[in-house]
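Take a look at the model below. We will walk through it one spot at a time, starting with a pair of charged side chains.

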Amino acid sequence: MNIILLGPPGAGKGTQARRLVDARNMVQLSTGDMLRAAQSSGTEIGKKVAGVMARGELVTDEIVIGLIEEQFSTVKADGFIFDGFPRTLAQADALGHLLARAGQKLDAVIEMKVDDEALVARVTGRSTCANCGEVYHDVTKPQPADGKCSNCGSTEFTHRPDDNEESFRTRLLAYYRDTSPLIGYYYAKGQHVAVDGMAEIDAVAAAIRDILDKS
Ligand code: AMP
């Protein structure tokens, strides 16, 4: 089973993808995580994309398609959760070809709908466990009082440099300009389903579970 989680920055795609990884034998392919890893390890790609990502702009299709192709061909799984990819129509076409070449298909494209104003608040209060990637939020999911990640016990947390209001506005603009056309693209293919991303994390997870059970 292969699915796409589609939604603006802060919609909860990463959080829900992690839930699915734990619940089903699926692998999360997050181009954002791959690009951040490339930056941390100082690769050529990492150096090339640092400024673009900090500003909240989109990295080139060529780079992200290359990263997805590499992971798709090397990682073995019962299914993939595409998180933050595709973000442009060119990327959507490339993914379609990649799956077709492998004799696979997309089972669902799940759009997570969240109000713009809620997104700003979500993104600016966000922090992440440096070890396992568990996501926290100052208001809705504060870091545990003992300072240890509830998932892995690590005491190190990071704040994404692009999770500030200015970069967020650029990311939201990129979403509406370049990524939201994918809603119509997948709707026309009969693959689009929407969930209320404003609901509690568990309720969103339940809605996604229902969709996957019916797919
Ligand atoms: P994310 O973690 O998905 O919010 O992505 C963080 C940043 O990485 C984005 O703001 C872009 O700069 C870059 N990025 C991630 N995925 C893509 C993609 N599919 N296409 C272009 N840029 C991407």
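How many residues apart are D33 and R36 in helix α2? Three, so about one helical turn separates D33 from R36. Keep in mind that this is a predicted model. The two side chains meet in a salt bridge, with N and O 2.9 Å apart. Side chains of opposite charge can pair when their charged atoms come close. D33 is partly exposed, at 40% relative accessibility. R36 also counts as partly exposed, at 24%.

Now stay with helix α2 and turn to the ligand. Helix α2 covers residues 31-40, and it gives the shell around the ligand its largest share, four residues. In total, 16 residues surround the ligand. The closest are T31, R36, E57, G84 and Q91. Sorted by class, the shell holds six nonpolar, four polar and six charged residues.

Look at the ligand's nitrogen atoms next. A polar side-chain atom of T31 lies 2.8 Å from a ligand nitrogen. Backbone atoms take part too. A polar backbone atom of G84 is 2.9 Å from a nitrogen atom of the ligand. For V59, a polar backbone atom lies 3.1 Å from a ligand nitrogen. How much of the ligand does the protein bury? Alone, the ligand exposes 480 Å², and the protein buries 96% of that.

Back to salt bridges. The count comes to 16. One of them joins D107 and K105, with N and O 2.6 Å apart. K105 is exposed, with a relative accessible area of 54%. Another joins K141 and E134, whose closest N and O atoms are 2.6 Å apart. Is E134 buried or exposed? E134 is buried, at 15% relative accessible area, while K141 is partly exposed, at 26%. Some salt bridges link up: R126, R160, D162, D163 and R171 form a network.

R126 leads us to the last stop, H137. These two residues are in contact. H137 lies in strand β6, residues 135-137. H137 is buried, because its relative accessible area is 11% and buried means under 20%. Leaving aside neighbours within four places in sequence, H137 also touches A121, R122, G125 and P142. The backbone oxygen of R122 lies 3.2 Å from a polar atom of the H137 side chain. The backbone nitrogen of V139 lies 3.0 Å from a polar atom of that side chain.

Key: Residues numbered from 1 in each chain as written. Predicted model: local features only at pLDDT ≥ 70, side-chain atom pairs only at ≥ 80, totals over all residues. Heavy atoms only, no water. Helix = DSSP H or I, 4+ residues; strand = E, 2+ residues; numbered from the N terminus. Buried < 20%, exposed > 50% of the residue type's maximum accessible area, 1.4 Å probe, protein only. Polar contact = N/O pair within 3.5 Å; in protein donor to acceptor, adjacent residues only side chain to side chain. Contact = heavy atoms within 4.5 Å. Near = heavy atom within 4 Å. Areas by Shrake-Rupley, 256 points an atom, 1.4 Å probe, with all protein chains shown as cover. Nonpolar A, V, L, I, M, F, W, Y, C, P; charged D, E, K, R; others polar. Salt bridge = Lys/Arg side-chain N within 4 Å of Asp/Glu carboxyl O.
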